[in-house]
Amino acid sequence: MKRCPNCGTSLSDDQLFCTECGASLAAAPPPPPPDSPTIQIPPVQPPPPGLAGDPRPAPAPVKKSGALTAAVAILAVCTVLAAACAGFAGYKALQFKRNYEEEQARLLDAQEEASDIQAQLDRLQLDYDKMSDEMADSTQQLEDARGQLEDVSGQLSDGSSRLDEVEGELRELIDLLDAGYGFASRDYYASKGVVVLRQYGSETISVYEGYTGDNTFTFHTPGGGVSCTWNGSFSNGTTTLTITGNTPGYYPVSFTNDVDSDSFEVLVIVTE
């Protein structure tokens, strides 16, 4: 293990740059070695016999120390440059990695948010579809109810017309009945010849008499369909009678007197 000389981070021995600060970890180039002694080349011996007159000059002595120092210096510079490039590249790679990881994290967050929004949209779509179906059903029910209302309105109109017809016929019938009911003579008659009541309803009519002297008047009701109550004796020739309907039907109530035995009837019609 070794430590970064810039920030002190512990690093492995084979790393060439610091993963935290990017400083180069390449070793400083060794100092150049002291000048080496000059290697002396022994003097060239004269050529052996037969080689005299060789025109090639004798080689000059070579000093290896200067060339070796230059080579070592160049190698050291190259090593430092390589380490610096590697450190810079590593620093850039580390930055790229961090940026990439941050972008990946933001992308995941955005994907999760998009998924939540899509889920909300799906729920809203389901609610909208449900509301649309319910609205369509309500609209159809409203149309059906409107049609039924129109039918009922037509029936009511027809019934009203029929009721008017029946009422007119009933009035004609009452007029015909009045001509034959409720009158015995000018001295003995009722204010109405036909009385129409609802069940348990009642109506009061007047009864007139023009006889002189004492007289006895009676009335008779058939069965228990209606009941009649005198409201007092005749006063100035007039009294009242209250008729109550008990059971639906047609009931003739008869009236008599003991002077001339004249009589008349009042027809009572009890409806439901």
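Select R106. At 45% relative accessibility, R106 counts as partly exposed. The cut-offs: buried is under 20% relative accessible area, exposed is over 50%, and partly exposed lies in between, with a 1.4 Å probe and protein chains only. This is a predicted model, in which local features need pLDDT of at least 70 and side-chain atom pairs count only at pLDDT 80 or more, while totals for chains, interfaces and linings use all residues. Residues are numbered from 1 along each chain as its sequence is written, and side-chain values use heavy atoms, with hydrogens and water left out.

**Salt bridges on the helix**

A salt bridge here is a side-chain nitrogen of Lys or Arg within 4 Å of a carboxyl oxygen of Asp or Glu. E103 is partly exposed, with a relative accessible area of 44%. E103 and R106 are 3 residues apart in helix α1, so about one helical turn separates them. Helices (H or I, at least four residues) and strands (E, at least two) are DSSP runs, numbered from the N terminus.

Move along to E143 and R146. This pair also forms a salt bridge, at 3.4 Å from N to O. About one helical turn separates R146 and E143, because they are 3 residues apart in helix α1. R146 is partly exposed at 41% relative accessibility. E143 is partly exposed, with 41% too.

**A nonpolar patch**

Select I117, L121 and L124. They make a nonpolar surface patch of about 290 Å². Patches take residues with over 30% relative accessible area and no salt bridge, joining like charges within 9 Å and nonpolar side chains (Val, Leu, Ile, Met, Phe, Trp, Tyr) within 5 Å. Areas come from the Shrake-Rupley method with a 1.4 Å probe; for residues, only the protein chains shown count as cover. I117 sits in helix α1, which covers residues 64-180. I117 is partly exposed at 42% relative accessibility.

**Whole-chain view**

Zoom out. The chain has 1 helix and 11 strands. From the N terminus the order is β-β-α-β-β-β-β-β-β-β-β-β. Of the 272 residues, 18% are buried. The chain exposes about 19,600 Å², and carbon and sulfur atoms supply 57% of that. Among contacts between residues at least 6 apart in sequence, 51% join residues at least 24 apart. Contact means heavy atoms within 4.5 Å.

**The nonpolar cores**

Which residues touch the most other members of the largest nonpolar core? Select I243, F255 and V268; the core has 19 residues. A nonpolar core is a set of buried Ala, Val, Leu, Ile, Met, Phe, Trp, Tyr and Cys residues joined through side-chain atoms within 4.5 Å. Several strands each supply at least two residues of this core, including β6 (202-209), β9 (238-245), β10 (249-257) and β11 (263-271). β11 gives the most, with 4 residues.

Centre on I243. Leaving aside neighbours within four places in sequence, I243 is in contact with residues including V195, L197, I205, V226, C228 and V268. Apart from this core lies another, of 5 residues, among them C4, L11, A23 and L25.

**Aromatic pairs**

Now show the rings. The structure holds 12 aromatic pairs. Rings of Phe, Tyr and Trp (its six-membered ring) pair if their centres lie within 6.5 Å; planes under 30 degrees apart count as stacked, over 60 as edge-to-face, and the rest as tilted.

Select F183 and Y189. Their pair is tilted, with 6.0 Å centre to centre and 35° between the planes. F183 is partly exposed at 47%. Y189 is partly exposed at 28%.

Next, F219 and F255. Their ring centres are 6.2 Å apart and the planes at 40°, so this pair is tilted. F219 lies in strand β7 (residues 217-220) and F255 in strand β10, so the pair ties together parts 36 residues apart in sequence. F219 is partly exposed, with a relative accessible area of 26%, whereas F255 is buried, with 0%.

**Two last stops**

Select S185, in strand β3 (residues 183-185). Is S185 buried or exposed? At 17% relative accessibility, S185 counts as buried. Not counting residues up to four places away in sequence, S185 touches Y211 and D262.

Finish at K192 and E203. Their side chains meet in a salt bridge, 2.9 Å from N to O. This pair links distant parts of the chain: K192 is in the loop between β4 and β5, E203 is in strand β6, and they are 11 residues apart. K192 is partly exposed at 32%. E203 is partly exposed at 23%.
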